Amino acid sequence: MPASKVWVTGLTVGAIAAVTVLAVQANKGPHPKASAARPSASASAHASTSPKPHATAAAAVPASSGTGRRIVYAVGQKRVWLVDASDKAGRTFAVWPGTVSPDPGTYTVSVRNDATTGSDGVQIENIVYFATKSGVNIAFSNAVDGSSPPPAAGKETGGVRMGKADGAALWAFGTTSTKVIVVK
């Protein structure tokens, strides 16, 4: 066998082995599930790895949130809904807002970014930008490590954080030009 084929075969075998090891490691970690979770009253003041489950059924999509396919963000409830074209919420979840919240209104997803470092220094992914307020960009995202750190003291941050599974779902749903409705 020529040396180049041995080299390529070796790379393929090495890549398969690496993927297998990573898959086994990932399988040993936490397995987030979609839930109607809501942060506890102290979630905004303390870091946590996931929202605390709420004892009642998932909250209904706010009546004042329009119609059609959209992302609904209720600032006061600290909750997001991913609503399909038939006005059914396919998913709802709790979020941890930054220090700057968007005003109620209709926005659209303007920019998406796979990953970066947030203004608070945390590695984030699934970033979906939809608003700007007082010069601060506001976007949905999740921390790469799955945590929800409290907003950085003294900093204006526009990140609306969520758990990893919820971040991946919002990323898949919130393509460019997707409508975002913000309610109180």
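By polar contact I mean a pair of N or O atoms within 3.5 Å, where one must be able to donate a hydrogen and the other to accept it. Keep in mind that this is a predicted model.

Start with Arg70. The residue sits in strand 3, which covers residues 70–74. Its side chain makes a polar contact with the side chain of Asp87, at 2.8 Å. The side chain of Arg70 also reaches the backbone oxygen of Ser65, at 2.7 Å. Is Arg70 buried or exposed? Its relative accessible area is 3%, and the cut-off for buried is under 20%, so Arg70 is buried. Leaving aside neighbours within four places in sequence, the residues in contact with Arg70 include Val61, Trp81, Leu82, Phe173 and Ile181.

Four strands make up an open sheet, in the order 7-8-9-10, with mixed pairing. Strand 7, residues 111–117, and strand 10, residues 159–161, each have a single partner strand, so they stand at the edges with one side left without a neighbour in the sheet. On average, neighbouring strands here are turned by 35° against each other, direction ignored. Strand 9, residues 136–143, runs parallel to strand 10, and three bridges join the two. Helix 2, residues 164–173, lies across strands 7, 8 and 9, at about 55° to strand 8.

Last, the charged pairs. Side chains of opposite charge can pair when their charged atoms come close. How many salt bridges are there? The count is five, and I will go through some of them.

Asp103 forms a salt bridge with Lys133, with the closest N and O atoms 3.0 Å apart. Asp103 is in the loop between strands 5 and 6 and Lys133 is in strand 8, so this pair ties together parts that are 30 residues apart in sequence. Both count as partly exposed: Asp103 at 42% relative accessibility, and Lys133 with a relative accessible area of 27%.

Asp120 and Arg161 form another salt bridge, the closest N and O atoms being 3.1 Å apart. This pair links the loop between strands 7 and 8, where Asp120 lies, to strand 10, which holds Arg161, 41 residues apart. Asp120 is partly exposed at 23% relative accessibility, whereas Arg161 counts as buried at 8%.

Lys164 pairs with Glu125 in a salt bridge, with the closest N and O atoms at 2.7 Å. Lys164 belongs to helix 2 and Glu125 to strand 8, 39 residues apart. Lys164 is partly exposed, with a relative accessible area of 35%.

That is all I have; questions, please.

Methods:
Residues numbered from 1 in each chain as written. Predicted model: local features only at pLDDT ≥ 70, side-chain atom pairs only at ≥ 80, totals over all residues. Heavy atoms only, no water. Buried < 20%, exposed > 50% of the residue type's maximum accessible area, 1.4 Å probe, protein only. Contact = heavy atoms within 4.5 Å. Pairing = 2+ DSSP bridges. Axes fitted to C-alpha atoms, helices over the stretch in contact; angles between N-to-C directions. Salt bridge = Lys/Arg side-chain N within 4 Å of Asp/Glu carboxyl O.
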